[in-house]
Amino acid sequence: MPISRRTLVLAAPALACALTLTACGSGGDSGGGSSATGKIEGDISFQTWNLRAGFKDYFEGLVKEFEKQNPGVKVKWLDQPAENYADKLSADAGAGTLPDVVNLSPDLAYPLAKAGVLMNMDKEPATSKFKGEYTPEGWKGTSMPGLDGSYALPWYLNTGPLFYNKALFKKVGLDPEKPPKTFDDLFTDANKMAKESGGKIATLASTPAIEDMGRYGVKLMNADSTEFTYNEPKGVEVLTKYKELYDSGGLDAQSLTNTPEKAGQKFLEQKVAMNPGSALDLSNFKKNAPSLYKNLGITDAPNNNGKPNMYVMGLAVNNQSKHKAAAIAFAHFVTDKKNQEAFAHKVTVFPSTKGSLEEPYWTKEDGTDEGRVRVASAKMLKGAVNYTPVVLSDEMKTILKNEVAKALQGKKSPKQALDDAVAQSNKLLKQN
């Protein structure tokens with residue numbers, strides 16, 4: 001299921017290409033269909049993203065309860081597998097058969113919103129009235145740059161803690177109770193870790209990605225998301241510091257080719273001092289690395305903005321729906337406080353409804369591994385933002401990764417590497 005960003009299918013450019021037959025560029029709420037303020041009635045379809053296998057009973061109960069409250073409505077629940085979800089969306093949108101209510105991540109919503117396929121939640125009075133029910137972070141997470149509004153009701157949020165090895169911190173003279181909070185702290189601690197361990201212990205096992213640049217304070221794109229700008233001075237500055245870290249041994253020697261799984265294994269083997277993770281990792285540490293588990297610290301990834309990274313899922317409404325009032329009512333029902341909290345109790349996600357994260361389930365540990373991570377992660381969501389641009393494709397991410405590798409290896413200067421990455425990515429962006 002698309003609970004973490006790692007599992008998302010980032011295919012916005014493919015969607016954009018497939019939508020050329022629709023009202024591309026309209027981006028507003030003038031898509032026709034029925035009245036959003038009409039009677040709540042009619043048959044509507046609701047599509048989730050790879051959730052049937054784990055939550056069949058939950059969603060069937062949700063549909064039954066809504067139909068009971070709204071006897072004039074029948075909801076057909078559809079669920080699509082994770083693979084090729086973007087292709088399915090583009091085919092349905094192009095054919096005019098997109099479901100009335102659709103589960104989307106911001107990157108998949110963007111081309112649909114740009115084409116005028118999705119309802120603008122800020123511009124439609126029937127939906128804008130709900131804005132105060134959600135956290136500011138959640139509502140902003142579904143906004144589309146350059147399109148003046150949010151295009152989905154925020155559903156669930158997620159973030160991941162950064163694990164660190166307190167024993168390794170202590171071994172090199174670092175305070176194990178004070179993990180790095182800013183990038184300056186990170187680079188200082190990582191260089192000391194490498195120096196004091198004789199180059200045997202790296203702090204990180206992965207090269208910087210675009211969200212790391214965002215947390216550093218780099219301006220990633222222009223205002224309307226038509227051009228990447230991460231080759232600006234702050235981008236060059238942070239990549240230069242990572243180059244110094246790579247040379248000192250603060251970055252793992254295999255960081256250029258490490259996958260998230262390999263990086264996780266390095267942390268498990270206590271060869272690196274810090275690594276992102278989730279509650280699922282804790283049971284693995286407890287079983288396979290008890291000494292690590294005993295000395296495990298949980299913090300947020302360093303950032304210079306005071307705002308952690310966040311992922312968001314939303315429920316969008318088809319702008320061409322024949323029963324908009326019913327579709328809006330159902331999307332709001334699924335994402336209201338009661339139902340968001342119920343869903344978040346079943347899976348490791350976080351509700352986007354205002355006040356939910358202040359409740360004991362998300363503020364007080366219950367003695368379990370899951371509870372420990374849940375509480376730590378929930379704290380990070382206040383003020384969090386999604387640093388990954390919605391228009392960033394997998395191909396663009398690969399381009400950045402390859403150019404960063406060239407800079408770290410000394411094959412290009414950090415400025416040249418970022419200039420080349422931006423040029424290639426902007427070319428792809430214009431093609432789409």
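Modeller: Ala, Val, Leu, Ile, Met, Phe, Trp, Tyr, Cys and Pro count as nonpolar, Asp, Glu, Lys and Arg as charged, and the others, Gly among them, as polar. By that rule, the lining of the second largest pocket divides into 13 nonpolar, nine polar and four charged residues. This is a predicted model, where local features need pLDDT of at least 70, side-chain atom pairs count only at pLDDT 80 or more, and totals for chains, interfaces and linings use all residues. Residues are numbered from 1 along each chain as its sequence is written, and side-chain values use heavy atoms, without hydrogens and water.

Biologist: What volume does the second largest pocket have?

Modeller: The second largest pocket has about 750 Å³. Its lining holds 26 residues, and Lys 140, Val 385, Asn 386, Tyr 387 and Thr 388 are the closest to its centre.

Biologist: Which helix gives the most to the lining of the second largest pocket?

Modeller: Helix α6, residues 136-141, does, with four residues.

Biologist: What makes a space a cavity, and what makes it a pocket?

Modeller: On a 1 Å grid over the protein atoms alone, a cavity is a set of points where a 1.4 Å probe fits but cannot get out; a pocket is an open set with protein on both sides within 12 Å along at least five of seven lines, and lining residues have an atom within 4 Å of a point. The count here is two cavities of 30 Å³ or more. The second largest cavity has a volume of about 30 Å³.

Biologist: Which residues line the second largest cavity?

Modeller: Leu 104, Ser 105, Pro 106, Ala 109, Thr 142, Met 144, Tyr 151 and Ala 152 line the second largest cavity. By class, that lining has six nonpolar, two polar and no charged residues.

Biologist: Why are α10 and α19 called oblique to each other?

Modeller: Angles under 35 degrees count as roughly parallel, over 145 as roughly antiparallel, 65 to 115 as roughly perpendicular and the rest as oblique. Helix α10 (residues 233-248) and helix α19 (residues 414-431) pack at about 125°, with their axes 9 Å apart. The pair is therefore oblique. In the contact (heavy atoms within 4.5 Å), Gly 235, Val 236, Leu 239 and Thr 240 of α10 meet Pro 414, Lys 415 and Leu 418 of α19. That contact divides into four nonpolar, two polar and one charged residue.

Biologist: What makes α2 roughly antiparallel to α15?

Modeller: The axes of helix α2 (residues 52-69) and helix α15 (residues 337-344) come within 12 Å and cross at roughly 170°. That angle makes α2 roughly antiparallel to α15. Phe 55, Tyr 58, Phe 59 and Leu 62 in α2 meet Asn 339, Ala 342 and Phe 343 in α15. Six of the contact residues are nonpolar, one is polar and none is charged.

Biologist: How do you know that α8 and α10 are roughly parallel to each other?

Modeller: Helix α8 (residues 183-196) packs against α10 at about 15°, with the axes 9 Å apart. The two are therefore roughly parallel. Residues of α8 in this contact, including Phe 183, Leu 186 and Phe 187, meet residues of α10, among them Val 238, Tyr 242 and Leu 245. By class, the contact has eight nonpolar, two polar and three charged residues.

Key:
Grid points are joined across faces, edges and corners, and a volume is the space filled by probe spheres set on the points. Axes are lines fitted to C-alpha atoms, for helices over the stretch in contact, and angles run from 0 to 180 degrees between N-to-C directions.
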